[in-house]
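Subject: A structure for you to explore

Hi there,

Here is the structure I promised to pass on to you. Have a look around first, and then read on for what I found.

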Amino acid sequence: MAVTELDAGPSFLDRLSRPKPLIVLAVLMWIPLTVYVMFGDRLDGYADTVLLPAIPATLVLYILGVRAFRESWVAVLGLSLVFFWLLMAVTAPYLPLMDPNKPIAPFTTPFSEKRDVFFWLGTDFKGRDMLSRVIWGCQRVIVWGVSATMVAYVVGALFGLVSGYLSGWWDEIISFFANVLLSFPVMVLFIVILNYLGPSGFNIVVAVTFASAPAIMRIVRGLALDIKTRDYVFAAQTRGEHPLYIMIVELLPNVRGPIIVDACLRLGYTTVAITTLTFLGLGLQPPDPDWGLMIRESAKTAMLWKFSYMLLVPALAVSSLILGFNLMADGLREMSLRD
Amino acid sequence: MLKLILRRLAQMVLIMAVSSLLLFAIFDTPEFKKRLAVQELGGFAVSALTEDSYQSWLAKRGLDVPFHERYVNWVGNILTGDFGFSFEKNRPVGPLLADRLVNTGILAFFVFALMIPLSLVLGVLAGMKEGSVQDRTISFVSVFTTSIPEIASAILLTVIFALGLGWLPVKSAMIGGFSFRELVLPVLTLVIYDFGYVARMTRASMAEVMTSQYIRTAILKGIPYRRVVMKHALRNALIAPFTLIVLQLNWLLSGVVVVEVFFEYDGFGKLLLEAALFPDVEVVQACTLVAVAVAVVSQIISDIGYTFLNPRIRFA
Amino acid sequence: MSNKDTSNTLHPKVADARCQMESGKLNRREFVRFAALLGVGAGAAYAMAGLPNPAVAQDAANLPFPADDPDAKAGGILKVAMQVQKIDDPATFSWTQASNQARHMLEHLAMTGPDNVTRPMLAERWEASDDLKTWTFYLRKGVKWHNGDDFTTEDVKFNFERWTDPDLGSSNVGLSSISAMVEEVDGKKRLIDGAIEVVDDHTIRFHLAKPVLSFPEDMYNYPTAIVHRGFRAPLDDSPNGTGAYRIAENVVGDRCILKRVTEADGQPFEYWGGKVYLDEIHYYNFDADNQLTAFAGQSVDAIYDFGVEQMELAKAIDGQIISARTAQSLCCRMRVDAEPFTDVRVRKAIAMAVDNSLIKPLVYPEGGDVGENYHVAPVHPDYQALPPISRDVEGAKALLAEAGYPDGLEVTIDVGNTDGPWHQTVAEAMRDQLKDAGITLNINVIPASKYWEIWTQTPFGATAWTHRPLGTMVMSLGYRTGVPWNESGFSSAEFDAALDEAEATLDVEARKPLLAKASKILQDSGVVVLPIWRPIYCMASNSVHGYPAHPTQYHQFNKVWMG
């Protein structure tokens with residue numbers, strides 16, 4: 001679909017690049033993926049079809065992204081890495097992969113055949129196909145990582161707007177709690193929270209929110225303090241608009257720019273955090289594949305040169321995704337400086 | 001200035017009080033107590049305990065009183081220098097934590113000793129000529145290394161240097177006493193992850209200084225380029241990175257958890273994780289206090305440093 | 001007894017031992033003692049060994065340890081990777097690791113060897129009355145404490161009184177022997193007056209309220225180490241024992257250092273148990289996951305254990321892999337009072353749809369035995385095989401339909417991986433097999449510590465049970481009506497009666513059919529799918545000789561040497 005309509009010329013793509021179609025595309029990509037990963041076990045018969053709309057949406061988004069970032073090869077490289085994994089995530093059920101949880105032939109090295117099956121990336125200690133595990137694993141990493149960042153942003157931005165716009169007591173209280181949370185090293189906060197709530201994807205979202213929201217709140221608060229003295233805010237105030245309306249309609253769109261760069265970086269941090277926490281045994285739980293889990297399992301079964309592919313595959317996968325986020329942030333920052 | 005420091009310290013004490021009270025409340029749940037009992041007595045034994053003997057076990061551990069009472073006692077003890085007792089390690093928390101902090105301190109010392117020169121030199125080299133090939137290469141490398149999470153670089157280093165080449169040991173448990181060879185991989189892992197960030201900040205700061213009015217004037221006056229960089233630019237460009245480096249101490253306390261666990265190095269991070277999972281309440285408390293203190297104090301030092309190093313702020 | 005046909009009713013170990021004797025590995029006298037402990041009459045044993053039946057069947061030394069290796073060299077330090085735990089009070093040890101740290105200093109009345117045979121240790125021998133309610137222990141003479149005191153019945157009495165002190169909370173009270181010496185007064189369990197009778201300095205007699213079969217085996221359970229009559233916790237403050245080593249340093253989570261004892265109260269210390277070779281034993285703290293890596297890095301000479309998932313790694317490392325056959329198992333048990341398992345047809349359908357003989361090789365390709373859904377293992381001396389069970393998918397479907405689930409059934413099993421990730425592998429294999437019978441098995445993996453919080457309550461859970469030397473022991477602990485560890489809620493008067501009868505029979509041969517009767521009742525009730533008797537694996541470097549693999553991972557290094 002995307003390919004044929006490309007011929008319609010740049011004007012169509014331009015139209016797509018406007019905020020509304022972009023949001024629709026993002027929703028089309030994101031909602032099916034999230035539903036698939038978080039509630040996949042309750043979908044029954046629909047599980048196989050739910051991801052279908054996400055595939056074209058991802059491709060179109062990628063093309064639009066490349067077009068928008070074309071000035072910076074760094075950003076395009078970052079975007080390509082991220083979208084490579086996104087595409088893997090949305091197409092995983094339709095790729096000709098083996099069942100990621102099915103033990104076939106333990107400790108098969110990459111590019112070799114065992115029991116009449118060829119393994120590109122070998123198998124792990126249980127004999128599960130590494131290629132299929134690393135691809136299926138990116139679904140969970142991406143969905144939980146992005147969801148956690150998004151929730152943290154909603155919470156952080158909300159408190160930041162309230163604190164920056166309303167000032168006074170609100171600001172004092174919110175800032176104090178943000179300071180309390182910011183005084184903890186992130187890992188300490190993660191360990192304490194996840195240990196209390198128990199390890200699971202949803203609890204990671206909660207923990208990331210606690211750890212990231214204060215910093216986001218500070219950024220948004222600073223921006224809000226700056227912007228609230230602008231004329232259009234005064235105008236809205238004199239019109240007698242409700243503070244909530246002003247915050248969301250007038251302030252929020254104008255703090256968007258710096259936040260997007262920060263969000264890209266933060267997506268990287270969150271991905272690191274999730275992988276690390278899962279490695280420590282506080283994150284996602286087996287048996288479904290996940291990069292942190294693959295590292296955790298391989299770290300005790302494969303600490304040997306000839307099995308080191310089991311450690312390297314997930315390590316490289318997670319590094320490439322984070323590199324993608326960081327390069328994207330870098331390119332965006334470069335571009336925003338140029339404007 | 002002094003007033004600001006005192007205010008900060010007062011805030012720190014308040015934060016410590018609030019967070020430790022929260023932690024006491026969190027670890028006071030019946031589930032945590034049960035988990036502690038399971039750890040100490042074994043799952044089979046706990047389920048055979050009658051309610052009475054479970055209660056007397058709680059009483060023996062001092063867990064039968066409400067948490068706020070325990071909290072008050074704990075605060076009282078802290079003021080007399082007693083940090084409590086570790087259920088898991090069976091020894092007072094004070095010396096235990098001190099041992100582990102020394103180990104993490106050794107690790108941190110070498111990380112900084114390597115990371116500071118490396119990142120400053122690279123940052124300055126990149127920032128000297130903004131936009132040059134040199135700059136772009138260094139910038140890309142620093143983004144690249146910062147993108148490899150510690151767990152991944154720990155794996156890469158272990159696979160190459162320990163499993164592949166066999167030059168270095170795989171684990172750093174140091175059971176035969178302190179060993180430099182065992183320290184190399186954890187230090188490198190942390191340096192690789194962290195130096196890129198500081199280098200980038202140094203680059204930004206250097207680039208800013210190089211475009212400033214007085215440097216341009218100096219160059220126009222015909223002072224040799226080398227001298228301009230060495231004598232004038234560097235001093236001003238290194239203010240921001242220095243304050244940043246102090247703040248890395250706080251980051252390091254997070255970063256060491258995964259590195260210490262992966263390499264089995266007995267430091268603060270491993271202690272914290274083990275204690276939280278056990279759950280060894282008073283160790284978690286003490287670790288948290290240390291972490292908060294490090295965070296706040298490094299913030300204060302960085303602020304003071306910035307004020308003293310930066311004439312514009314001092315005289316403004 | 002001596003005329004009995006010995007070819008098919010003997011304990012399998014006897015045949016093993018006979019082979020060993022014939023190939024010269026075991027001397028004849030050793031064989032006789034071994035066979036006698038397995039229930040073969042002394043006369044028959046001597047006949048098998050081709051020796052004249054002597055008047056005194058005891059060896060002069062009568063030591064529970066393996067024979068001395070003529071090539072053995074003295075000296076050296078053995079470094080072992082294991083979790084190093086706290087060892088305040090031996091009577092309240094909760095984990096095997098803690099007892100290993102103390103085992104070379106504090107010894108037991110009896111010792112169960114790696115071959116699962118219990119031999120006298122600090123006791124020289126014991127006698128049971130015909131009704132198994134009176135046990136007399138004759139203590140070994142010439143045993144000294146590290147402070148120079150003689151080991152006497154005073155010490156033993158002191159220990160039994162401690163174990164039964166309700167304020168101490170020793171788990172030894174749960175042992176069938178000790179629980180037969182206590183009574184409940186005002187909700188607290190106390191020692192019955194007159195239960196312990198000191199006959200003389202080296203003879204002590206126990207009067208039990210009910211017949212107990214496993215008294216000697218109980219005396220090697222890990223919290224039953226004998227401490228000095230003047231013992232005060234914590235142990236590390238004033239280490240004193242009868243063993244060849246003494247704890248010099250114990251730092252929890254770090255290291256435990258044991259050194260050879262050479263002096264007792266100014267006099268040279270002579271260890272009662274013959275030669276020992278090592279100068280020092282060092283335990284270094286490594287998590288279960290990291291022990292093998294530490295071993296590969298040559299930081300340690302031996303490790304406590306490693307999991308089957310690490311087997312390939314172990315094989316790639318230079319060293320000896322030592323494995324032991326055990327009665328450690330995974331019990332996938334269903335609570336009889338939770339839906340849908342209240343219906344015996346549902347439980348049986350699940351058991352029938354699982355093929356144990358396929359799960360064993362999948363999970364443990366090397367070693368181990370296939371379980372048969374009752375809790376007696378082939379390594380138990382009183383094991384008698386029941387008619388083999390086989391998978392029957394159609395039968396399972398029919399049973400399910402009859403129970404009101406014609407369209408299949410969905411159940412969830414809680415898995416805590418308390419003993420390693422292989423629990424999950426078992427559950428996954430079961431899931432795949434149950435699918436054929438229309439049963440959907442969801443696997444709920446929870447952290448080990450969480451699992452121990454719910455293991456007795458969850459409707460369907462996979463619990464790891466450790467090895468115990470006699471078949472009757474776990475059957476009694478886990479399946480008798482109303483006992484605390486009866487995690488399935490199983491209750492059958494018929495089963496209890498059959499078990500009572502088996503437990504009242506000292507003669508192994510006579511006990512076998514009685515225990516088999518109880519086993520059959522348990523198997524028919526379908527409360528437990530017990531697919532595996534797992535082997536345990538550990539590893540030692542090639543320079544370590546005689547490193548034993550004990551089925552409960554108890555360390556005994558008296559005859560271990562380095563060279």
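One thing to keep in mind from the start: this is a predicted model.

**Chain C on its own**

Chain C has 563 residues, and 53% of them count as buried. Its secondary structure consists of 17 helices and 24 strands.

To find the pair on screen, look for C:T134, which stands opposite C:H207 in strand 9 of chain C.

You can see both kinds of pairing at strand 20 of chain C. This strand pairs with strand 16 (residues 320-334) of chain C in the antiparallel sense over 6 bridges, and C:M334 has C:F460 as its bridge partner. With strand 18 (residues 409-415) of chain C, strand 20 of chain C pairs in the parallel sense over 2 bridges; here C:V415 has C:A462 as its bridge partner.

Is strand 20 of chain C mostly covered or mostly open? It is mostly covered: 6 of its 6 residues (460-465) are buried. C:F460, C:A462 and C:A464 point one way, while C:G461, C:T463 and C:W465 point the other way, and all are buried.

**Where the chains meet**

Chains A and B touch through 33 residues of chain A and 36 residues of chain B. On the chain A side, the elements that give two or more residues are helix 7 (168-182), helix 8, helix 12 and helix 14 (309-338). Helix 14 of chain A gives the largest share, 10 residues. By class, that side of chain A has 23 nonpolar, 9 polar and 1 charged residues.

Chains B and C also meet, with 27 residues from chain C and 27 residues from chain B. Helix 8 (291-296) and helix 14 (448-454) of chain C are the elements that give two or more residues to the chain C side. The residues of that side divide into 10 nonpolar, 13 polar and 4 charged.

**Helix 13 of chain B and the cores**

Next, find helix 13 (residues 268-277) of chain B, where 9 of its 10 residues are buried. Among these buried residues are B:F268, B:L272 and B:A276. What covers the buried residues? The cover includes helix 8 (186-197) and helix 12 (256-280) of chain A, as well as helix 6 (93-128), helix 12 (239-263) and helix 14 (281-309) of chain B.

B:L272 also turns up in the largest nonpolar core, which has 333 residues; A:F190, B:L272, B:C287 and C:I303 have the most contacts inside it. Leaving aside neighbours within four places in sequence, A:F190 is in contact with A:A207, A:A211, A:A273 and A:L277. A second, separate core has 9 residues, including B:V124, B:M206, B:V229 and B:A233.

Enjoy exploring!

Terms used:
Residues are numbered from 1 along each chain as its sequence is written. Chains are lettered from A and ligands numbered from 1 in the order in which they are written. This is a predicted model: local features need pLDDT of at least 70, side-chain atom pairs count only at pLDDT 80 or more; totals for chains, interfaces and linings use all residues. A residue is buried if 20 or more other C-beta atoms lie within 10 Å of its own, exposed if 12 or fewer, and partly exposed in between; C-beta atoms are placed from the backbone. Helices (H or I, at least four residues) and strands (E, at least two) are DSSP runs, numbered from the N terminus. Two residues are in contact if their C-beta atoms, placed from the backbone, lie within 7 Å. Ala, Val, Leu, Ile, Met, Phe, Trp, Tyr, Cys and Pro count as nonpolar, Asp, Glu, Lys and Arg as charged, and the others, Gly among them, as polar. Two strands pair if DSSP finds at least two bridges between them. A nonpolar core is a set of buried Ala, Val, Leu, Ile, Met, Phe, Trp, Tyr and Cys residues joined through C-beta atoms within 7 Å.
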